Structures are given as C-alpha cells and as structure tokens.
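Thanks for coming, everyone. I have a few minutes on side-chain contacts in one model. Please take a look at the screen.

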Amino acid sequence: MSQSDQPDIIPPSPSATDYLIDPSGKPLIPDVADPIALFKEWMAAAREAEPNDSNAMSLATVDADGMPDVRIVLLKEVTEAGFVFFTNLESAKGQQLTETPKAALGFHWKSQRRQVRVRGTVMPVSEEAADEYFATRAAQSRISAIASDQSRPLADRAEFEQRVAELSEIFGDGPDIPRPEFWGGFRVVPVEIEFWQDQAFRMHDRLKFVRSNEGWTTGRLYP
C-alpha cells in the first residue's frame, strides 16, 4: 500500500470554517490567587462531563540514566499539600520516584478543552494514609495489587491469573485483605501549576502559578 493509499489516522488541523461552525465562546482563565481552588473547580466540572476517569493524569518521571518515562495514573487526593496517587512502590515509577523525587503531571479534559500541568517534588505518603486508602478499594483490586509484580516480566498471563485465584481463595471478598508493604502512595508537592484553556484559532489562554516562600505568583503565557 502506497502512502497515498493509507487511510488517514491523524485528523487535519481545524479550518476557519470549523471554528465558525464551533465558535469558541470559551471564557478566559480568571485571575485568581489560589491555584488549588481553581484546580478543584476544573476537576469538579470535568467529573460532570468526562465519560470516564476524570481524575486520570499523565505522570512523568526519569530513570537513573535521565531517560524520561510517562504513564497514566489516577489522582486520589488534592489539597494545599499536593497531588496524591497510589502504586506499587517496587514498580518502575516507584523506583524512579524514590531515586529521583521529582515529577510532572498532566491533566487533559477533552470535554472541557482544558489542560493543567504540574511540576514539583515528590514525597511518600504515610503508611496510615496508604492503609486508609487501600481499605477503600474493592476486594479484587486489593488482591490484584498483592498478586502483581508490577512492571516486571511476566512469562505467561496464566501465571498472574493463577496468583489472583489463589489469593482469592485465601482472602475471599472480605474487608480484611492487608495492604502489602510494597504498595503505597506518593504526593507531588507543586512548585509550578499551569492552566490552559482552548480558544479558537490556537489563540489559547495560559495562566502559570509559581510557588515561592511568599506564596504563589501568577503570569500569563503566550499560547
């Protein structure tokens, strides 16, 4: 098949007509002093509109060689202290964050045509916090977490399924499935948060917050 015969998989850039059919009319990002409060507003709007996983975020890390890595994880808490997610601490991301405790997050809400970018330092959550969240998970999700050697080679899918079956026999669906020591959480403590709102003709609106000892400073960015 020649290149000209291949079906298009990348959509074309919007034309002027496309923008006229779907005019922007989107508000600019408000001038506010508290980025966490604004993030919570955007997250609440996304939860109402996104078809699934409005709390999904890209998590970027680097390995020991400085090679970047990125994957999607789920945000489980956001406060003034930072953005929290949970994982297998022995996974690739767990090891990378332990060795280099810095990360970037990216949220993209297609229904809202919005993005948020976060950069910051990383610290583990307390064991008590990990226990508390682990206990809220469905029984099979807890069993899966125990059974999985996350990020490490798996010879056969059946091997993993067998582990899950054996642990299910031991624990059943009861509430007393213990959190394994290798499972916990991380908190990304933001030093920069950037909000992005789509506008027509790529004239997007961007507002960046930078944290200092005195608090947050803000500034607009060119699109």
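Let me start with a question: is R179 buried or exposed? R179 counts as buried, at 19% relative accessibility. The cut-offs: buried means under 20% relative accessible area, exposed means over 50%, and partly exposed lies in between, with a 1.4 Å probe and protein chains only.

Some ground rules. This is a predicted model, in which local features need pLDDT of at least 70, side-chain atom pairs count only at pLDDT 80 or more, and totals for chains, interfaces and linings use all residues. Residues are numbered from 1 along each chain as its sequence is written, and side-chain values use heavy atoms, with hydrogens and water left out.

Salt bridges next. Side chains of opposite charge can pair when their charged atoms come close. The criterion here is a side-chain nitrogen of Lys or Arg within 4 Å of a carboxyl oxygen of Asp or Glu. Searching the whole structure gives 14 salt bridges.

Back to R179. Its side chain meets that of D131 in a salt bridge, 2.6 Å from N to O. D131 sits in helix α4, residues 127–134, and R179 in the loop between α6 and β7 (183–197), so this pair ties together parts 48 residues apart in sequence. A word on those elements: helices (H or I, at least four residues) and strands (E, at least two) are DSSP runs, numbered from the N terminus. D131 counts as partly exposed, at 39% relative accessibility.

Now E194 and R206. Their salt bridge has its closest N and O atoms 2.7 Å apart. E194 belongs to strand β7 and R206 to strand β8, residues 205–212, so the pair ties together parts 12 residues apart in sequence. E194 is buried, with a relative accessible area of 7%. R206 counts as buried too, at 18%.

There is also a network. Salt bridges that share partners join D31, D205 and R220.

One further pair: R71 and D69 form a salt bridge at 3.5 Å, N to O. R71 counts as buried at 18% relative accessibility, while D69 is partly exposed at 30%.

On to the rings. A pair of aromatic rings is described by the distance of the centres and the angle of the planes. Rings of Phe, Tyr and Trp (its six-membered ring) pair if their centres lie within 6.5 Å; planes under 30 degrees apart count as stacked, over 60 as edge-to-face, and the rest as tilted. How many aromatic pairs does a search of the whole structure find? It finds 13.

Take F39 and F107. They pair edge-to-face, 4.9 Å centre to centre, with 65° between the planes. F39 lies in helix α2 (residues 35–49) and F107 in strand β5 (residues 102–109), so they tie together parts 68 residues apart in sequence. F39 is buried, at 0% relative accessible area. F107 counts as buried at 1%.

F209 and W216 are another edge-to-face pair: 6.4 Å centre to centre, 85° between the planes. Both F209 and W216 are buried.

Ring pairs also build a cluster, linking F39, F83, F107 and W109.

R114 lies over the face of W42, 4.3 Å from the ring centre. The rule: NZ of Lys or CZ of Arg within 6 Å of the ring centre and within 35 degrees of the ring normal.

Last stop, A155. This residue lies in the loop between α5 (139–147) and α6 (157–171). A155 counts as exposed, at 75% relative accessibility. A155 and A37 are 46 Å apart, C-alpha to C-alpha, and 118 residues apart in sequence.
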